[in-house]
Amino acid sequence: MGGEARPRFLCAGSSFESARVVLLGCPFDGTVSYRRGARLGPDAMREASDCLETYSPGLDKDLSDAALCDMGDVDFFSGDTEAVLASIRAEASAIFQAGKRPVFLGGEHLVSLPAVQAVLGVFPGLAVFQWDAHADLRDDYLGEKLSHACAVRRILELDGVGPLRQFGVRSGTREEFAWMRANDTMRPLTPEAVAAALKEAGERAVYLTIDMDVVNPGEMPGTGSPEPGGPGFDALIECIRVLDASGARVVGADVVELAPEWDPTGASAVAAAKVVRELALAMGA
Ligand code: MN
Ligand code: MN
C-alpha cells in the first residue's frame with residue numbers, strides 16, 4: 001500500500017479485487033525472547049524472492065499465471081502489543097470477509113493470534129496446523145501472556161477453534177510435552193503425517209502456521225530461536241505439495257520467525273520466500 005519504491009513479492013502485481021491469494025506483512029517482533037530481528041522478515045522475503053523463479057517444478061504451477069496481490073505491511077507502532085495485534089486483526093478480518101486467502105509474512109509467531117481470530121469469524125471450527133520446532137504452549141513467558149512462546153496457547157483459548165495438530169515440535173517444557181501427549185497433537189513433519197491429518201480434519205477448513213525454525217538450523221539459521229535437529233527444507237516443501245494435492249483446504253496461512261540478520265548468507269530469507277511461493281500456489285493463487 002506504500003509508494004512505488006517499496007519491494008513486492010516476486011510477480012505479485014494483481015489488485016486486491018482480482019487476487020485470490022494476498023500477502024500481508026506483519027513486521028512485529030516486540031515479544032521475542034532470545035534474539036530479535038523477525039520484524040525484518042517481510043521485506044527480506046520480498047527482496048529474496050527476486051532470485052526465485054515464478055515456476056514451481058514441484059507443483060508444476062507458475063505464479064506468473066496466478067492472481068497474487070502483495071498488500072504491503074500492516075501499519076502500527078510496535079510499543080503496544082495489544083494495539084499491534086488489533087491492527088493485524090482488523091486487516092486480516094477484511095481479507096477473510098472479502099473471500100480472499102491470505103498468507104501473512106511475519107514477524108514473530110504472536111502475529112498468528114490475530115490472524116486466527118480473524119479467520120474464525122468466517123470459518124468457525126477450522127483446524128490449525130502448526131509446523132514449528134517449539135510447542136509455543138506456555139501460559140506465560142516470564143510473566144508475559146502475549147509472548148511468541150505462548151502464541152499457540154492463546155490460539156487454543158479462542159472461541160470456536162477446531163483441532164490443533166503440531167508437526168515437527170522438538171522443544172518445550174515438561175508441561176507442554178505432557179499436554180501434547182495427552183491431547184495427541186504431535187506429528188512428525190512428513191508428507192504421510194500431513195496427509196493423515198488432512199483426512200482426519202474431514203470437511204474442516206485449515207489454517208496453517210509455519211514457524212520457519214521447524215527446519216533444521218543447518219539449513220535455516222536465520223531465525224530467533226534455532227533448535228537443533230528437525231526436518232530438512234525439502235521435507236517441508238514435500239509437505240506443501242501434499243496440501244496442494246488435497247485441493248482447496250488451506251484458507252489462510254502464515255510464515256513467521258524469519259530473522260534475516262542472523263543468516264549473513266541470505267539463504268534463510270530465500271528459503272522463507274520459497275515457502276511463500278509454494279504456499280501461495282498451493283492455496284490457489
Ligand atoms: Mn513458534
Ligand atoms: Mn519456533
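How many nonpolar, polar and charged residues does the lining of the largest cavity have by class? The structure is a predicted model, in which local features need pLDDT of at least 70 and side-chain atom pairs count only at pLDDT 80 or more, while totals for chains, interfaces and linings use all residues. Residues are numbered from 1 along each chain as its sequence is written, and side-chain values use heavy atoms, with hydrogens and water left out.

A search of the whole structure finds one cavity of 30 Å³ or more, a cavity being a set of points on a 1 Å grid over the protein atoms alone where a 1.4 Å probe fits but cannot get out. The largest cavity holds about 40 Å³ of space, and its lining, taken as residues with an atom within 4 Å of a point, consists of L243, D244, G247, R249, V250, L279, A282 and M283. Two or more of these residues come from each of α7 (233-245) and α8 (267-282). By class, five lining residues are nonpolar, one is polar and two are charged.

Helix α1 (residues 41-48) is mostly covered, with six of its eight residues buried, that is, under 20% relative accessible area with a 1.4 Å probe and protein chains only. These buried residues, G41, P42, A44, M45, R46 and A48, pack against β1 (21-26), β4 (68-73), β5 (101-106), β10 (250-256) and α8. The axes of α1 and α8 lie 8 Å apart at an angle of about 80 degrees, which makes α1 roughly perpendicular to α8 (65 to 115 degrees). Their contact (heavy atoms within 4.5 Å) is made by A44, M45 and A48 of α1 and by A269, V270, A272, A273 and V276 of α8.

Definitions and conventions
Chains are lettered from A and ligands numbered from 1 in the order in which they are written. On a 1 Å grid over the protein atoms alone, a cavity is a set of points where a 1.4 Å probe fits but cannot get out, and a pocket is an open set with protein on both sides within 12 Å along at least five of seven lines; lining residues have an atom within 4 Å of a point. Grid points are joined across faces, edges and corners, and a volume is the space filled by probe spheres set on the points. Helices (H or I, at least four residues) and strands (E, at least two) are DSSP runs, numbered from the N terminus. Ala, Val, Leu, Ile, Met, Phe, Trp, Tyr, Cys and Pro count as nonpolar, Asp, Glu, Lys and Arg as charged, and the others, Gly among them, as polar. Buried means under 20% relative accessible area, exposed over 50%, partly exposed in between (1.4 Å probe, protein chains only). Axes are lines fitted to C-alpha atoms, for helices over the stretch in contact, and angles run from 0 to 180 degrees between N-to-C directions. Angles under 35 degrees count as roughly parallel, over 145 as roughly antiparallel, 65 to 115 as roughly perpendicular and the rest as oblique.
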